[in-house]
Amino acid sequence: MSTRAKAAVLALSLVVVGYVGLGSVLGRTANEGAYRQLAVFSEVLAHIQNDYVEEPNMPRVTVGALRGLLEALDPYSTYLGPREFADYQAKKKAPPAGDVGLVLSKRGLIGIVAVLPDSPAAAAGLRTGDALESIAGFSTREMSVEEAYLQLAGEPGSVVKVSVVHEQRAEPEPMELVRAKVRTPKVVSGRLAGDVGYIKAASLEPGKAAEVRAAIQQLRSQGMQKLILDLRGCASGSMDEGVETARLFLSSGMITYTQGQRSPRQNFTAAPDKTAWTGPLAVLINPGTAGPAEIVAAAVLDNKRGEVVGQRSYGVGQVQKIIPLEDGSALLLSVAKYYTPSGKALLDNAVTPSVGVEQPAEQALAAQPNAMPATADAVVNKALEVLRSAEARPAA
């Protein structure tokens, strides 16, 4: 074994053993299980060093162990090596102008939660449920969500190669995506049958709550008596904007709260002066609904403000903190979660609709995100049925 590899094993083992020893000295009996696991970790490293079939690349092993440790917590916590952290800081300070328009998560491979309308990814036919097996020639199995975003971003007109696993196909499909300036999709609104208004938000970036408010005011002037808010495929944006959007429909009650082991509970409640619609309401969701849009759906559902129609959402909702380490690397760690008014963590539970409807695959493929829904849209038709009945509940 090389001197460098031995040093890596020795350093990590000393940290582990020291941590275990310190816990014993301080008598932290409540954490005995954690210390025991750390001792096992040290033992595993020793076996890798002594018994593996060939001399292992210990720096790579230890980095993989650190990433596995963090990604076992949730899909968004990760370890960034010194080079990755430097890239992360540079792109946070001066974000590249180009992107491909994907919202990502990780469950084994890097998974596609949603695709922004009129983006390179949308033009290439990528959809919710697809997975990226590789990005720029690198396997995503050992890649964090943040690293995937860093790899996909770049200058407009530049090309990034990806390998895509589609839900209905076993073999990965190689693709080239041409990065572009991805514009935030506008809110779509209009009248459906009779007095039912329809508003679709494909994202909840800052400013979208104001767009939704303006759409409500316009539809009210046209005689709207009932409203469908379509949040299918809405996964990007700001959690704060999700709160502001929920306030448009709630005159009282809890919207969401955040809490963590070291993060005190922070409540986000309705604000009566911000309410824009108190009439019958149905919110549409699907597996591409995540993050800010889930805050809206959960607030409507748990406050009995209206019905949530469609399929179970994705499940995103965490507060993250970047923690720099001495060697130039960093931890990207989830320090709090967003909770529904009833106390369920969005990250763990997502949102289950009160009225479940499976949308046929051909309808989902044919849906135009920047247009009013098709007359055959099964989820919209079910929402219309719900609104016409006594099931839709007005605000208290």
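Two strands are said to pair if DSSP finds at least two bridges between them. Helices (H or I, at least four residues) and strands (E, at least two) are DSSP runs, numbered from the N terminus. The legends below describe a predicted model, in which local features need pLDDT of at least 70, side-chain atom pairs count only at pLDDT 80 or more, and totals for chains, interfaces and linings use all residues. Residues are numbered from 1 along each chain as its sequence is written, and side-chain values use heavy atoms, with hydrogens and water left out.

**View 1. Strand β16 and its pairing partners.** Strand β16 (residues 330-339) runs antiparallel to strand β1 (residues 78-80), and three bridges join them. Within this pairing, T78 has L332 as its bridge partner. Strand β11 (residues 254-259) also pairs with β16 in the antiparallel sense, over three bridges; here Q259 stands opposite K337. With strand β15 (residues 318-324), β16 forms an antiparallel pairing over seven bridges, in which Q320 stands opposite S334. The hairpin of β15 and β16 has five residues between the strands, and G328 takes a positive phi near 95° there.

View 2. S77 is placed in the loop between α3 (58-71) and β1. Because its relative accessibility is 1%, S77 counts as buried (buried means under 20% relative accessible area, exposed over 50%, partly exposed in between, with a 1.4 Å probe and protein chains only). Its side chain reaches the backbone nitrogen of S334 at 3.1 Å. Leaving aside residues up to four places away in sequence, S77 touches L70, E71, Q320, L332, L333 and S334 (contact means heavy atoms within 4.5 Å).

View 3. Rings of Phe, Tyr and Trp (its six-membered ring) pair if their centres lie within 6.5 Å; planes under 30 degrees apart count as stacked, over 60 as edge-to-face and the rest as tilted. By this rule there are two aromatic pairs. F85 and Y88 are stacked, at 6.3 Å centre to centre with 25° between the planes. Both residues lie in helix α4 (residues 82-93), three residues apart, about one turn of the helix. F85 counts as buried at 7% relative accessibility, and Y88 counts as buried at 12%. Y257 and Y339 are also stacked, at 5.0 Å centre to centre with 5° between the planes. This pair links distant parts of the chain, with Y257 in strand β11 and Y339 in strand β16, 82 residues apart. R265 lies over the face of Y257, at 3.6 Å from the ring centre, and R107 lies over the face of Y314, at 4.1 Å from the ring centre (a charge sits over a ring if NZ of Lys or CZ of Arg is within 6 Å of the ring centre and within 35 degrees of the ring normal).

**View 4. The nonpolar cores.** A nonpolar core is a set of buried Ala, Val, Leu, Ile, Met, Phe, Trp, Tyr and Cys residues joined through side-chain atoms within 4.5 Å. The largest core has 38 residues, of which I199, I216, L227, L229, L231, F249 and V283 touch the most other members. At least two residues of this core come from each of α7 (208-221), β10 (226-230), α8 (239-247), β13 (281-285) and α9 (292-302). The largest share, seven residues, is supplied by α9. A second, separate core of 28 residues includes L102, V113, L152 and A290.

Note on methods: Polar contact = N/O pair within 3.5 Å; in protein donor to acceptor, adjacent residues only side chain to side chain.
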